[in-house]
Amino acid sequence: MEVPLHPYHPVVPSPSDPPSAFWVGPRYLAGDDGCLYERVADTLTGLGWANLTAVRGRREPDEASEDRQVLRSTVLHISPDTLRWAQWVLADEPFLLGELPVAWQVSARTDVSSPLAAWSAYFTPGIPGEILDDFLAALNNRHQPTAASAGPELELVLDALTTRGWLRDVDLPRSGAVDPMFTTCVSLSEVPPLIQDGDPRALTLAGDEAGPAGWQAWAEPTLGAPYLWAASFSASVPNDLVAAFAASLASSAPVLRRLLPEATKDRLLRAPAD
């Protein structure tokens, strides 16, 4: 007869058991560990941002209450000054970015009297939560979330990458960079459709005119294969905020993972965390 384990007695793994978690790198290929919402939401709560959740559901005729399908819809996190906010929009079937659905949308406005965002940034599933954490921390610490950056703005972003070992894009050395394995790119280019921005030029373009440029980032583990993740910054996102994103993206610090992406697990360096 087997004796059940006492609930307070931890199970000690044998030496032959595989580790349950790894420290891995590079972080831009490490995925989101299946917890992108929870990690970022905890970060925003730690920064003092309030949150509101809209819940929607569906109930069939004669269906018992406990069987009702209830889905968490948009979750909105708002900074104390109400000038910046982050939305978890994955449950609401958001638009696609690099053939991936948008998960987090981060926006800011100039003052509380304006209902419209001055800029927005978009992030799909698969992006490491640590990178989004650093971007949000930089946004939270910025006195005015929509003011233009000081200094040579484009160099802020590219220097954040090249000083950490990334390479200038051969074709676009003044507006793009790529990681040493040529899997992940950051480029200043025309923003994709549906990206919201306060720049009025985006609303007055003729059909054959190029729109304002914004920073775009994506990980493509194998040329022609589906993206691991994608991010898009509208034209008015301050470049120092994009630079904070880029610095975290290129950081050599390992990240803790229990789930490794199938597309990149063979490219990751890993060390047991147990």
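The model is predicted: local features need pLDDT of at least 70 and side-chain atom pairs count only at pLDDT 80 or more, whereas totals for chains, interfaces and linings use all residues. Residues are numbered from 1 along each chain as its sequence is written, and side-chain values use heavy atoms, with hydrogens and water left out.

The secondary structure of the protein chain comprises four helices and 15 strands, these being DSSP runs numbered from the N terminus (helices H or I, at least four residues; strands E, at least two). Of its 274 residues, 43% are buried, that is, under 20% relative accessible area with a 1.4 Å probe, protein chains only.

Helix H3 (residues 153-162) packs with helix H4 (residues 239-249) at an angle of about 10°, their axes lying 8 Å apart. The axes are lines fitted to C-alpha atoms over the stretch in contact, and angles run from 0 to 180 degrees between N-to-C directions. H3 and H4 are therefore roughly parallel to each other, a term for angles under 35 degrees.

Thr146 lies in the loop between helix H2 (129-141) and H3. Thr146 is buried, with a relative accessible area of 17%. Its side chain makes polar contacts with the side chains of Thr110 (3.4 Å) and Gln144 (2.9 Å). A polar contact is a pair of N or O atoms within 3.5 Å; within protein, one must be able to donate a hydrogen and the other to accept it, and residues adjacent in sequence count only if both atoms are side-chain atoms.

Methods
Angles under 35 degrees count as roughly parallel, over 145 as roughly antiparallel, 65 to 115 as roughly perpendicular and the rest as oblique. Buried means under 20% relative accessible area, exposed over 50%, partly exposed in between (1.4 Å probe, protein chains only).
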